[in-house]
Amino acid sequence: KLSKRLQTIADLVAPGTRVADIGSDHALLPTYLVQTGRSPSAIAGELNAGPLAAAKKQVKEAGLEAKIDVRQGDGLDVLQAGEADAVTIAGMGGCLMAAILSRGAAAGKLDGVRELVLQPNVGEELVRSWLLDEGWLLTAEEIVEEDGRWYEVLRAVRSSDADALNGKLYDTSFLPSGIGQERGRRLLLRMGPLLLRRGEPLLGAKWAHELEKMEYICRQLSLSETPEAKEKEAGLRRDMDEIKEVLACLP
Ligand code: SAM
């Protein structure tokens, strides 16, 4: 049985898609997808030897060696263009994830890929920015809570209308008017346009937790007298006020 986090990712993969799971570790996700028939075949990519061995063991034990190819390599290097319909990347930071996607896209590795399902552990805004800049349309956003942590799962697809639809998605006019366009856009990238628009009930709990962490950092910064610390604290406090303002006006 998959964890709630991995199950949420699996549920967002379109049935019938050949999936490449990058940074697969134990290959639990591709094993589940192929075992349940949701994916006809899969590639599990891993950079590091330990997790690679774990992935191979898992796939062998599941008797799926003919359908799941475990490959060692950095990011999307393991993939040939046209081999996968969907790419999943989960359980790493948004910065690394965006770097993997950028490098892979530049090498043409995403050419035949129609769907991305991404679960950044932190730095979600970097992933949303990448998707937006590269013309991917965000079609689903979920929040899952597991062991006291909140995870966001994003699904994006290619669409000839992506720019127009993303324009609507990232339109800030539904936010409190005082926030303004530029800051509004930053907040949408940070908090998730679909989550905010539907008033996702878990946003409150997730951001209460994040705000607590930000408050803690502010208190640490306030112990320092340097202008840099004061500036950082003021910036963080502004961010916190904006986040609270947005949360207060959710549908
Ligand atoms: N995707 C699984 C999940 O969500 O449960 C495993 C997440 S695990 C925390 C992150 C995995 O990514 C590790 O196994 C690590 O070795 C792998 N990894 C890190 N950087 C990578 C890269 N550049 N290319 C491929 N795999 C990478």
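Two residues are in contact if their C-beta atoms, placed from the backbone, lie within 7 Å. Keep that in mind for what follows.

This is a predicted model, where local features need pLDDT of at least 70 and side-chain atom pairs count only at pLDDT 80 or more, while totals for chains, interfaces and linings use all residues. Residues are numbered from 1 along each chain as its sequence is written.

I start with Leu33. Leaving out neighbours within four places in sequence, Leu33 is in contact with Ala10, Val13, Val19, Arg38, Ser39 and Ala42.

Next, the cores. A nonpolar core is a set of buried Ala, Val, Leu, Ile, Met, Phe, Trp, Tyr and Cys residues joined through C-beta atoms within 7 Å. Buried means 20 or more other C-beta atoms within 10 Å of a residue's own, exposed means 12 or fewer, and partly exposed is in between; these C-beta atoms, too, are placed from the backbone. The largest nonpolar core has 49 residues, of which Ile9, Leu29, Leu33, Ala84, Val87 and Val117 touch the most other members. Helix α2, residues 28–35, gives the most to this core, with 5 residues. Apart from it lies another core of 8 residues, among them Leu175, Met191, Leu195 and Leu196. Helices (H or I, at least four residues) and strands (E, at least two) are DSSP runs, numbered from the N terminus.

Now the domains, whose bounds come from an automatic or database domain assignment. The protein chain is divided into domain 1 (4–169) and domain 2 (177–248). Their centres, taken over C-alpha atoms, are separated by 28 Å. To the contact, domain 1 brings 11 residues and domain 2 brings 11 residues. On the side of domain 1 that touches domain 2, two or more residues each come from α5 (124–133), β6 (136–146) and β7 (149–158). There β6 gives the most, with 5 residues.

On to the ligand. How many residues surround the ligand? The number is 16, and the closest are Gly23, Asp25, Leu47, Ala90 and Gly91. A residue counts as near a molecule if its C-beta atom, placed from the backbone, lies within 6 Å of it. Two or more residues of this shell come from each of β2 and β4 (86–92). β4 gives the most, with 3 residues.

Last, Asn48. Asn48 lies in the loop between β2 (42–46) and α3 (49–61). Is Asn48 buried or exposed? Asn48 is exposed, because 11 other C-beta atoms lie within 10 Å. From Asn48 to Leu28 is 20 residues in sequence and 16 Å in space, C-alpha to C-alpha.
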